[in-house]
Amino acid sequence: MPLLNTYHVLEREEGYYFVSSEFNAVFRLDREREKIQFLEQIPNEMAWERNLISKIVQYKDKMIFVPLNAKCIWIKNIKSGNWNSIDLRKGETAKLKFFQAIQCGHKIYMIGCCYPSIVCLDMDRESVAYFDGIMGRLDADGDRMEEVYFRNQYVQIGSYVYMASCKSNSVLKFNMENEEFDFMKVGNSEWRYSGIAWDGRR
């Protein structure tokens with residue numbers, strides 16, 4: 001069996017779920033037997049497509065598969081086993097769509113890596129909303145040659161999420177409760193960032 005590299009593991013009572021980053025396959029590591037079991041492929045995705053999914057988020061009895069190179073957002077009903085897809089906007093087919101997704105109640109915020117928006121998935125309605133102004137600001141103020149907006153590191157303090165930009169010396173401050181945002185300039189105007197961390201002090 002090839003090496004089972006993955007971007008993220010979802011922990012549940014019965015085991016650990018993950019998607020291979022080398023090909024289209026969903027696996028589970030059984031807690032008791034300590035064995036890896038192939039479960040299935042994600043439907044309507046190429047069998048040998050790499051880096052399909054960046055993260056799995058659970059909401060109630062559903063698992064949400066956040067697309068990195070997958071065509072759309074995939075949702076699996078754990079009880080029924082059925083799959084459902086939510087398409088992203090037409091014409092926006094970027095690779096490396098979302099490296100990160102952050103859950104706040106019934107909403108999941110998918111942070112664009114090369115995708116030109118932050119996408120909010122409302123799980124109660126299974127609908128999406130787009131926050132284009134954030135990436136628009138970075139496009140206007142930052143390096144237009146750099147395709148990556150944000151990588152996967154973030155800091156969450158309460159309802160606030162902080163992410164450092166790859167396109168400029170800006171740090172995004174996003175409030176998930178009221179969905180307002182602002183940018184803070186950090187360091188020299190020529191600086192760019194690949195991550196952010198918090199030392200725990202206010």
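Which loop does Glu34 lie in? Glu34 sits in the loop between strand S3 (26-30) and S4.

## About the model

This is a predicted model, in which local features need pLDDT of at least 70, side-chain atom pairs count only at pLDDT 80 or more, and totals for chains, interfaces and linings use all residues. Residues are numbered from 1 along each chain as its sequence is written, and side-chain values use heavy atoms, with hydrogens and water left out.

Helices (H or I, at least four residues) and strands (E, at least two) are DSSP runs, numbered from the N terminus. Two strands pair if DSSP finds at least two bridges between them.

## The open sheet S1 to S4

Let us start with the sheet that S4 belongs to. Four strands make an open sheet in the order S1-S2-S3-S4, with antiparallel pairing. Strand S1 (9-12) and strand S4 (36-40) are at the edges with a single partner strand each, so one side of each has no neighbour in the sheet. On average, neighbouring strands of this sheet are turned by 25 degrees against each other, direction ignored (axes are lines fitted to C-alpha atoms, for helices over the stretch in contact, and angles run from 0 to 180 degrees between N-to-C directions).

Four bridges link S1 to strand S2 (residues 15-19) in the antiparallel sense. Across this pair, Glu11 stands opposite Tyr16 in S2.

Glu34 is exposed, with a relative accessible area of 66%. Here buried means under 20% relative accessible area, exposed over 50%, and partly exposed in between (1.4 Å probe, protein chains only).

Leu96 is not a glycine either, and has a positive phi of about 50 degrees. You will find Leu96 in the loop between strand S8 (83-86) and strand S9 (98-104). With a relative accessible area of 30%, Leu96 is partly exposed.

Strand S11 (residues 118-122) is mostly covered, with five of its five residues buried. In a regular strand the side chains alternate between the two faces of the sheet. In S11, Ile118, Cys120 and Asp122 point one way, while Val119 and Leu121 point the other way.

S11 has antiparallel pairings with two strands. Strand S10 (residues 107-112) pairs with S11 over five bridges, and Ile108 stands opposite Leu121. These two strands form a hairpin with five residues between them. S11 also pairs with strand S12 (residues 127-131) over five bridges, with Asp122 opposite Ser127. The hairpin of S11 and S12 has four residues between the strands, and Glu126 in its turn has a positive phi of about 50 degrees.

In helix H1 (residues 132-141), the buried residues are Ile134, Met135 and Leu138. Seen down the axis of H1, they fall within an arc of 90 degrees, so they line one face of the helix (the arc is that of the directions from the helix axis to the C-beta atoms). These buried residues pack against S10, S11, S12, S15 and strand S16 (181-185), where contact means heavy atoms within 4.5 Å.

Ser170 lies in strand S15 (residues 170-175) and counts as buried at 4% relative accessibility. Not counting residues up to four places away in sequence, Ser170 touches several residues, including Leu138, Met163 and Phe183. The side chains of Ser170 and Lys185 are joined by a polar contact of 3.0 Å. A polar contact is a pair of N or O atoms within 3.5 Å; within protein, one must be able to donate a hydrogen and the other to accept it, and residues adjacent in sequence count only if both atoms are side-chain atoms.
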